[in-house]
Amino acid sequence: MSWGTELWDQFDNLEKHTQWGIDILEKYIKFVKERTEIELSYAKQLRNLSKKYQPKKNSKEEEEYKYTACKAFLSTLNEMSDYAGQHEVISENMTSQITVDLARYVQELKQERKSNFHEGRKAQQHIETCWKQLESSKRRFERDCKEADRAQQYFEKMDADINVTKADVEKARQQAQIRHQMAEDSKADYSSILQKFNREQHEYYHTHIPNIFQKIQEMEERRIVRMGQSMKTYAEVDRQVIPIIGKCLDEIVKAAESIDQNRDSQLVIEAYKSGFEPPGDIEFEDYTQPMKRTVSDNSLSNSRGEGKPELRLAGKAKGKLWPFIKKNKLSLKLGSTPEDFSNLPPEQRRKKLQQKVDDLNREIQKEMDQRDAITKMKDVYLKNPQMGDPASLDHKLTEVTQNIEKLRFEAQKFEAWLAEVEGRLQARSEQVRRQSGMYDGQPPPAGHTCAQDRESSPDGSYTEEQSQESQVKVLATDFDDEFDDEEPLPAIGTCKALYTFEGQNEGTISVAEGETLYVIEEDKGDGWTRIRRSEDEEGYVPTSYVEVCLDRNAKGAKTYI
């Protein structure tokens, strides 16, 4: 099967067909090029998508990624970035192994095709020239033969005419002979050119054209094979990244399987646990009994003289939110968080203090490493003065040492606060265990038991009126005026401080362990009791820090059954 023998007369069609083949190859190159652009665009979009949902550094969002579900999501984002990288690899490999390679091959193919068809046209022009020469010699031979016939006929006519002179007859005879000789020469020339043309034509159709068409056929077949190889490479480039893409997907599945709902639930507990006990039962308030009041309601001695004071549970009472709590909330909104985190519940405060201690210890270690490095450098300078002046490091060494001392002082301060919180939590848990064993099966006799259950932080996180926080839009001075204008409240009982409390927040009062004070306002369900030490010194203390003894006949005291 050869184009040279089968398609010897289809030169123009072969020229069109080979041009079409090159066009097809260029179209395939364009297709692959556009595919690489799509892969790059897709990879870029995937990377941007992964980057968009990455947690921002040093933000609250970054803290949320401690949960296993969020960690799995973060792992998915990272794997998607690697996934995008594989699409970039596809684009790069297709560009280098297909697009660039085929573009270079197309240029070579065009040059080879041009050379082959130029050679074919040259052979065509040569055979056409031989044909023209043959036609010219044939026409000349035909013309000379006709001229010889006419000359012969003229000679015979002159020879038969008796009126013509002998000289004229001789001249006609010579002319006839010349024409016959010219015809013979033309015949010989025509025969020679004909034989030459036949040889050239035979060589053209059986040698030159078959060879040229064979080269064109081989060129076209190489183009077809090359295109098939490129298509195979196209598939292989995709197949090479499939294992890595599969690994990325496996990692995503592995991350999804690592999600532990129990662990996340435990993290929620650790993040938001306050350390308080849940509130106890609300006591029954009997309004059917007449409440006897005396003019000595404001006198603690008179109220106590009417009978032996009884321990009462500080029940839940309706009342407005304490002004100092509102001001504390406002101050928290303004960013004035206490250094010792005393505005937080005990458990959260312990975690914050522990975190602060750990951060300070890391900074101390960093400064110590820096000090050690400066000390070693100074030793090197002492041994090799040409390397530097040891005295130049003294200022830096002193500065680092001062930083270490400052950090150690800060760490000790926070460690003391941490030890205080941990001690209170431990003592409180032991007290709860003792009380549960002492009053098992009996109604709780002491006011601090129920009140302790309702303890909350001064920021009002556990009060029923927490929703009112959004309505606080006035300045703190307004609350001070409102608070100062209120009339002094009468004492309704006494309390004994179970622990030392340092009232650092506005509206609180400091008490020492074992100190006895007057109760002027019960715990209203948010864990704080209002007490008075003297006429000008009063404030709030955590109900769990005091043991309350209410006078049942005092104004504002309640009766329980």
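**A walk through the chain, from surface to Glu 220**

The accessible surface of the chain comes to about 34,300 Å², and carbon and sulfur atoms account for 52% of that (Shrake-Rupley method, 1.4 Å probe; for residues, only the protein chains shown count as cover). This is a predicted model, where local features need pLDDT of at least 70 and side-chain atom pairs count only at pLDDT 80 or more, while totals for chains, interfaces and linings use all residues. Residues are numbered from 1 along each chain as its sequence is written, and side-chain values use heavy atoms, leaving out hydrogens and water.

Of the 561 residues, 37% count as buried (under 20% relative accessible area, with a 1.4 Å probe and protein chains only). You will find 12 helices and five strands (DSSP runs, H or I of at least four residues and E of at least two, numbered from the N terminus).

Let's look at helix α4, residues 68-160. Its 93 residues should span 138 Å at 1.5 Å a residue, and the 134 Å between its end C-alpha atoms agrees with this (the expected span is 1.5 Å times one less than the number of residues). At Thr 95, α4 bends by about 40°, the angle between axes fitted to the seven residues ending there and the seven starting there.

Now move to helix α5 (residues 166-257), which holds Glu 220. Glu 220 is buried, with a relative accessible area of 3%. Setting aside neighbours within four places in sequence, Glu 220 is in contact with Trp 3, His 17, Thr 18 and Gly 21 (heavy atoms within 4.5 Å).

Technical notes
Buried means under 20% relative accessible area, exposed over 50%, partly exposed in between (1.4 Å probe, protein chains only).
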